[in-house]
Amino acid sequence: MKKTFFSLLFSAGIFLLAGLVSADWPRALETGGGGEAQAGSAPVVALTFDDGPHPVYTEILLEGLRERGIKATFFLIGVNAEGHEDIVRQIADDGHLIGNHTYSHVQLTSISDAKACEEIDKANQVIGEACGQEIHYIRPPFGSWQEDLESLIDMQVVLWSVDPEDWRVQDTQTVVERVLSHVEDGDIILLHDVYRTSVEAALEIVDRLTEEGYEFVRVDELLLD
Ligand SMILES: [Zn+2]
């Protein structure tokens, strides 16, 4: 009798466990593939953050995005990732997309192709090791890119469509207003998570655009659509 009771309990446990595992699968696939059925009707935007990680502001941003359930894209500078591997790992663990912003923030068009490749490879190595993922996306500093690099570098270049020049004004409300007055469905917003004002602006932009019905996606989801 006792044995039957326990074997029943055991079977119920397995059944429950199987249910949990199978319930998790569709979610895991959706986050990887992007473009859920209901997302088609809502306007989407991608928040992108360059020049990090920053030892203070990136973590504040991550916390704010986590609270709001928002995924974004971070283009990291290799040299900034060194010594802050824990933050890089946290960005990845939170489900954000991590991209390459060169090792030392160089203008790729003003150096030799060999040097440019070195800058990109070194950043991929440092960032990739820190987050445990291969890096497939690159945002060239200053948006400077040349076509012959494309034959040498097998990465997807990501530029932007809304630039509030947050680094120049460093004023939260100005950044928020500039983005909100320009943003449209499908935009890629450029911000820098190395300024307190930009992080504050980003979270306010999330709240205001969420109210307007926008959904936030990573650039790989946007580019796939
Ligand atoms: Zn930059």
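Colleague: Happy to look at this with you! Which are the buried residues of helix 5?

Modeller: Keep in mind that this is a predicted model. Helix 5 has 19 residues and reaches 27 Å from its first C-alpha to its last, close to the 27 Å expected. Its buried residues pack against strand 2, helix 3, helix 4, strand 3, strand 4 and helix 6. They are Ala116, Cys117, Glu119, Ile120, Ala123, Asn124, Val126, Ile127, Gly128, Ala130 and Cys131.

Colleague: Nice. Which element gives the largest share of the largest nonpolar core?

Modeller: That core has 50 residues, and Leu47, Phe49, Leu65, Phe74 and Ile98 touch the most other members. Elements giving two or more residues to this core include strand 1, helix 2, helix 5 and helix 9. The largest share, eight residues, comes from helix 5.

Colleague: Now the metal: which residues are the protein donors of the zinc ion?

Modeller: Along the chain, the donors follow the spacing D-x49-H-x3-H. They lie 2.1 Å from the zinc ion, and they are Asp51 (OD), His101 (NE2) and His105 (NE2).

Colleague: How many residues apart are Asp51 and His105?

Modeller: Asp51 is in the loop between strand 1 and helix 2, while His105 is in the loop between strand 3 and helix 5. The pair therefore links distant parts of the chain, 54 residues apart.

Colleague: Last one, my friend: is Asp51 buried or exposed?

Modeller: Buried here means under 20% relative accessible area. His105, at 24%, is partly exposed. Asp51 has a relative accessible area of 15%, so Asp51 is buried.

Note on methods:
Residues are numbered from 1 along each chain as its sequence is written. This is a predicted model: local features need pLDDT of at least 70, side-chain atom pairs count only at pLDDT 80 or more; totals for chains, interfaces and linings use all residues. Side-chain values use heavy atoms; hydrogens and water are left out. Donors are N, O and S atoms within 2.8 Å of the metal (3.2 Å for Na, K and Ca); water is not among the atoms, so sites may look incomplete. Helices (H or I, at least four residues) and strands (E, at least two) are DSSP runs, numbered from the N terminus. Buried means under 20% relative accessible area, exposed over 50%, partly exposed in between (1.4 Å probe, protein chains only). The expected span of a helix is 1.5 Å times one less than its number of residues. Contact means heavy atoms within 4.5 Å. A nonpolar core is a set of buried Ala, Val, Leu, Ile, Met, Phe, Trp, Tyr and Cys residues joined through side-chain atoms within 4.5 Å.
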